[in-house]
Amino acid sequence: MNWRKDSIMHRRGVARGDFGETHELTEARQGKFHYTMGPYSTPVLHIRPGDRVVVETRDAFGGAIKTERDLPTQKLTMPFVNPQNGPIMIEGAEKGDAVAVFIESMAPRGHNPRGTCCMIPEFGALTGTAYTATLNDPLPEVVRKIDLDEKGVYWSPRVTLPYRPHIGTLSCSPEIDSINSLTPDSHGGNMDLPDMGPGSITYLPVRSEGGRVFIGDAHACQGDGEVCGVAVEYQSLTTIHVDLIKGWNIDWPRLENEDVIMAIGSARPLEDATRIAYRELVRWMAKEYGYDKWDAYMMLSQCGRVRLGNFVDPKYTVGAAISKKYLAPV
């Protein structure tokens with residue numbers, strides 16, 4: 001992980017890449033999980049920049065779907081899905097700063113861990129929904145329970161998928177609103193971006209004192225778009241390293257890994273999410289990497305990359321990225 005020495009988190013963070021205390025946010029310590037992210041819930045943990053947190057996340061269904069006979073309409077009470085750990089308070093975080101969250105590792109949790117994928121009526125990209133209303137009957141409810149470990153996701157006797165975990169929902173608190181845990185926006189939230197896994201740093205805008213970080217919705221694997229509405233949802237043991245960047249006033253979440261920087265936008269329709277992401281990337285390149293704004297705009301038309309998070313939730317998420325090799329100083 002030598003690239004982290006050159007990362008924004010290491011160069012500009014309060015802790016400068018150093019590690020402080022390690023905290024355990026167990027289910028017992030969490031107590032009440034949250035279904036909204038906002039400035040009104042009681043903090044469960046106070047940490048300093050540079051601290052680690054080992055988080056016991058629940059799956060998106062709170063463990064309610066235990067077998068393939070447990071239908072979502074019978075076991076779930078919408079919109080109480082996607083339970084969130086937190087809020088975690090970061091010492092010194094205030095409006096106009098950015099919180100950096102490096103995901104160190106994600107491991108399956110529990111005896112004989114299994115993931116869950118399912119089809120939920122009026123939820124998903126290829127069916128009528130409350131937002132895309134049709135007179136067609138809902139698709140059938142289908143539940144899959146999938147064995148998994150850190151070597152693979154055992155979809156069927158025929159197919160083993162790679163274990164490529166990521167955090168589906170990560171955010172700081174909005175300044176005044178309390179936003180449900182299914183909806184992504186400029187605070188972060190349910191972005192379902194597959195790049196947000198081990199080895200990545202997510203930068204989140206601070207809008208309220210302490211930052212108030214929420215985290216949850218671990219996925220063992222997911223394709224672009226999360227097309228049926230559900231990834232391989234599982235409960236995880238996720239370790240994060242948190243830092244604070246003072247005075248870095250960003251409008252939307254950003255991501256960095258060894259190869260790229262990425263700006264993230266969430267909106268409906270999908271093209272507006274893409275516009276937000278690319279606009280933020282152009283502005284980032286112009287402000288911090290010495291590019292003329294119009295040169296960056298034209299160049300991204302040639303080498304920009306787009307990553308599709310979800311296009312099934314109340315808002316869709318897109319990440320616009322550029323390879324770091326084009327960001328080297330002149």
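Visitor: I would like to start with one residue. What is the relative accessible area of Arg16?

Guide: Arg16 has a relative accessible area of 44%, which makes it partly exposed. The scale is this: buried means under 20% relative accessible area, exposed means over 50%, and partly exposed is in between, with a 1.4 Å probe and protein chains only. This is a predicted model, in which local features need pLDDT of at least 70 and side-chain atom pairs count only at pLDDT 80 or more, while totals for chains, interfaces and linings use all residues. Residues are numbered from 1 along each chain as its sequence is written, and side-chain values use heavy atoms, with hydrogens and water left out.

Visitor: Where is Arg16, and what is its phi?

Guide: Arg16 is in the loop between helix H1 (8-12) and strand E1 (22-25). Helices (H or I, at least four residues) and strands (E, at least two) are DSSP runs, numbered from the N terminus. The phi of Arg16 is positive, about 55°, although Arg16 is not a glycine. Asp192 also has a positive phi, about 50°, and is not a glycine.

Visitor: Is Asp192 buried or exposed?

Guide: Asp192 is buried, at 1% relative accessibility. Its place is in the loop between strand E12 (188-190) and strand E13 (201-205).

Visitor: How is the chain as a whole described?

Guide: The protein chain has 5 helices and 19 strands. Its radius of gyration is 19 Å, close to the 20 Å that the globule rule gives for 330 residues, so the chain is as compact as a globular protein of that length. That radius is taken over C-alpha atoms, and the globule rule is 2.2 Å times the number of residues to the power 0.38. Along the principal axes, the C-alpha trace spans about 60 × 45 × 40 Å. Buried residues make up 55% of the 330 residues.

Visitor: What share of the contacts joins residues at least 24 apart?

Guide: Contact means heavy atoms within 4.5 Å. Among contacts between residues at least 6 apart in sequence, 80% join residues at least 24 apart. Ser323 is found in strand E19 (residues 316-323), and with a relative accessible area of 10% it is buried.

Visitor: How should I read a sheet?

Guide: Strands of a sheet pair through backbone hydrogen bonds, either parallel or antiparallel. Here, two strands pair if DSSP finds at least two bridges between them. E7 pairs with strand E8 (residues 142-148) over 6 bridges, and Cys118 stands opposite Val143 in E8.

Visitor: Which strands does E10 join?

Guide: E10 is joined to strand E14 (residues 213-219) by 5 bridges, running antiparallel, with Ile167 opposite Ala218 in E14. E10 is also joined to E12 by 3 bridges, again antiparallel, and the bridge partner of Thr169 in E12 is Asn190. Of the 6 residues of strand E10 (residues 166-171), 6 are buried, so the strand is largely enclosed by the rest of the structure.

Visitor: Which peptide bonds are cis?

Guide: One joins Met78 and Pro79, with omega about 5°. Pro79 is in the loop between helix H3 (72-75) and strand E5 (84-90). Another cis bond runs from Gly86 to Pro87, with omega near -5°, and Pro87 lies in strand E5.

Visitor: What separates a pocket from a cavity?

Guide: On a 1 Å grid over the protein atoms alone, a cavity is a set of points where a 1.4 Å probe fits but cannot get out; a pocket is an open set with protein on both sides within 12 Å along at least five of seven lines; lining residues have an atom within 4 Å of a point. Grid points are joined across faces, edges and corners, and a volume is the space filled by probe spheres set on the points. The largest pocket has a volume of about 360 Å³. Its lining has 20 residues, with Met78, Glu122, Phe123, Tyr131 and Leu182 nearest the centre.

Visitor: How many cavities of 30 Å³ or more does the search find?

Guide: The search of the whole structure finds 1. The largest cavity has a volume of about 160 Å³. It is lined by 18 residues, of which Ala60, Phe123, Leu182, Gly229 and Glu233 lie nearest its centre.
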